[in-house]
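Let's take a walk through this one together. Have a look at the model first, then read on.

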Amino acid sequence: MSNKQIIVSNVAKGHENPIAELVQVACQFDSNITFVNDNRKINAKSIMGIMAFNPSKGMSVNIITEGNDEKEALLAMEKFLVCE
């Protein structure tokens, strides 16, 4: 299992449809990807979950990945959310 705490940047500025694009990136990996903020745990591959989670600028998110490509998945999620 890998995890990293990040601060979300302005993802709406860098992407035309950030929620759908985030889910598409997450679905490229076999690993389980979970976002945690306060007491909420969301599956990053669930469009409804991400819509409810609504990652927005300044939000602190712990990204947890678990699986055979967890490091790559963690890096991809981090890059997306911090707009690198």
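I47 sits in helix α3, which covers residues 47-53 (helices are DSSP runs of H or I with at least four residues, strands are E runs with at least two, and both are numbered from the N terminus). Bear in mind that this is a predicted model, where local features need pLDDT of at least 70 and side-chain atom pairs count only at pLDDT 80 or more, while totals for chains, interfaces and linings use all residues. Residues are numbered from 1 along each chain as its sequence is written, and side-chain values use heavy atoms, with hydrogens and water left out.

Back to I47: its relative accessible area is 39%, so I47 counts as partly exposed (buried is under 20%, exposed over 50%, partly exposed in between, with a 1.4 Å probe and protein chains only).

Now for the sheet. Four strands make an open, antiparallel sheet, ordered β1-β4-β2-β3. At the edges you'll find β1 (2-7) and β3 (40-43), each pairing on one side only; a pair takes at least two DSSP bridges between the strands. Strand β2 (residues 32-37) runs antiparallel to β4 (residues 60-66), joined over five bridges. Within that pairing, N32 has E66 in β4 as its bridge partner.
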